[in-house]
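Here's a quick briefing to read with the model open beside you.

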Amino acid sequence: DQCYAGMGYNLLLDLPNVAVLRNFSDAILLGFIKDLPVNQKRNFGFGLGRGYGTNSYYSNIGTSENNGVITYEIVSNDDFDRSKFETHAIEFPFEIRWRNSTPDDYKFWRIYGGIKASYLFSRRSKLVSSLGNQSFQNPDIARWQYGAILSFGYNTWNLQFYYALNSLLEEAQLNAVPIEIKPLTVGLIFYVL
């Protein structure tokens, strides 16, 4: 059984041509994974867990809401301070786990890979501009996110990568073209026995 905590940097892949990342897009996660060894040495097995994650994605894609209609546009650097998508989620990681541990050595190398599904219980868009602030719950942000995860490292210090397999946004369009951005997160994850 392991508790974990992590932090990372979010990139957005497949941005529209005129869109760019801005500011520091952060990811924070913490949770618990049940370790399920399948061999006698207990160095290979599966992990099934549950956790919490929050993510911010900053770009120059401005989002506004008027009478229930959500619109997206590219805003110029002179017109705004920040624009972001923000999510809070319950996460469900499933990992295939290998480590070179022994029954009495808790410092070891590990490689964990798998998938993670996330249920977003809060999905917000925020635009801070010279005209004021607008923040609202954004139903265009996909309620379910899922992707591939890979963690590797030594002892408590580990690198982790998350690659989304579905788009962050559903039914969102910029100039009549679907916005199909996918998050890629690179960060550190700390496992505590």
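The second largest cavity holds about 70 Å³ of space. A cavity here is a set of points on a 1 Å grid over the protein atoms alone where a 1.4 Å probe fits but cannot get out, and lining residues have an atom within 4 Å of a point. Points are joined across faces, edges and corners, and the volume is the space filled by probe spheres set on them. Bear in mind that this is a predicted model: local features need pLDDT of at least 70 and side-chain atom pairs count only at pLDDT 80 or more, while totals for chains, interfaces and linings use all residues. Residues are numbered from 1 along each chain as its sequence is written, and side-chain values use heavy atoms, with hydrogens and water left out.

**The two cavities**

- Searching the whole structure turns up 2 cavities of 30 Å³ or more.
- The largest cavity contains about 280 Å³ of space. It is lined by 27 residues, and the closest to its centre are N55, E91, K116, Y162 and T185.
- Which elements give two or more residues to that lining? They are β1 (2-13), β2 (26-37), β3 (44-58), β6 (80-99), β7 (109-129), β9 (144-154), β10 (157-164) and β13 (182-192).
- By class, the largest cavity's lining splits into 13 nonpolar, 12 polar and 2 charged residues. Nonpolar covers Ala, Val, Leu, Ile, Met, Phe, Trp, Tyr, Cys and Pro, charged covers Asp, Glu, Lys and Arg, and the others, Gly among them, are polar.
- Back at the second largest cavity, the lining is made up of Y4, L29, I33, E91, P93, E95, K116, I149, Q160, I189 and Y191. That comes to 7 nonpolar, 1 polar and 3 charged residues.

**The chain as a whole**

- The secondary structure is 0 helices and 13 strands. Helices (H or I, at least four residues) and strands (E, at least two) are DSSP runs, numbered from the N terminus.
- The C-alpha trace spans about 60 × 25 × 25 Å along its principal axes.
- Of the 193 residues, 45% are buried (under 20% relative accessible area with a 1.4 Å probe, protein chains only; exposed is over 50%, and partly exposed is in between).
- Among contacts with a separation of 6 or more, 67% join residues 24 or more positions apart (contact means heavy atoms within 4.5 Å).

**Nonpolar cores**

- The largest nonpolar core has 17 residues, and Y72, F85, I141, L168, L169, I179 and I181 have the most contacts inside it. A core is a set of buried Ala, Val, Leu, Ile, Met, Phe, Trp, Tyr and Cys residues joined through side-chain atoms within 4.5 Å.
- β5 (69-74) and β6 each give this core at least two residues.
- Apart from its neighbours within four places in sequence, I141 touches F85, T87, L120, R123, R124, S125, L168 and L169.
- A second, separate core has 7 residues, including Y4, L29, F108 and I189.

**An open pocket**

- The second largest pocket has a volume of about 220 Å³. A pocket is an open set of points with protein on both sides within 12 Å along at least five of seven lines.
- Its lining includes S64, E73, D79, F80 and L127, and by class it has 4 nonpolar, 6 polar and 2 charged residues.
- β7 and β8 (132-137) each supply at least two lining residues, with β8 giving the most, at 3.

**Single residues worth a look**

- Most residues other than glycine have a negative phi. N23, however, has phi near 60°; N23 sits in the loop between β1 and β2 and is partly exposed, at 44% relative accessible area.
- N67 also has a positive phi, near 55°. N67 lies in the loop between β4 (61-66) and β5 and is exposed, at 75%.
- Leaving out neighbours within four places, S151 contacts R110, I111, Y112, L159, Q160, I189 and Y191.
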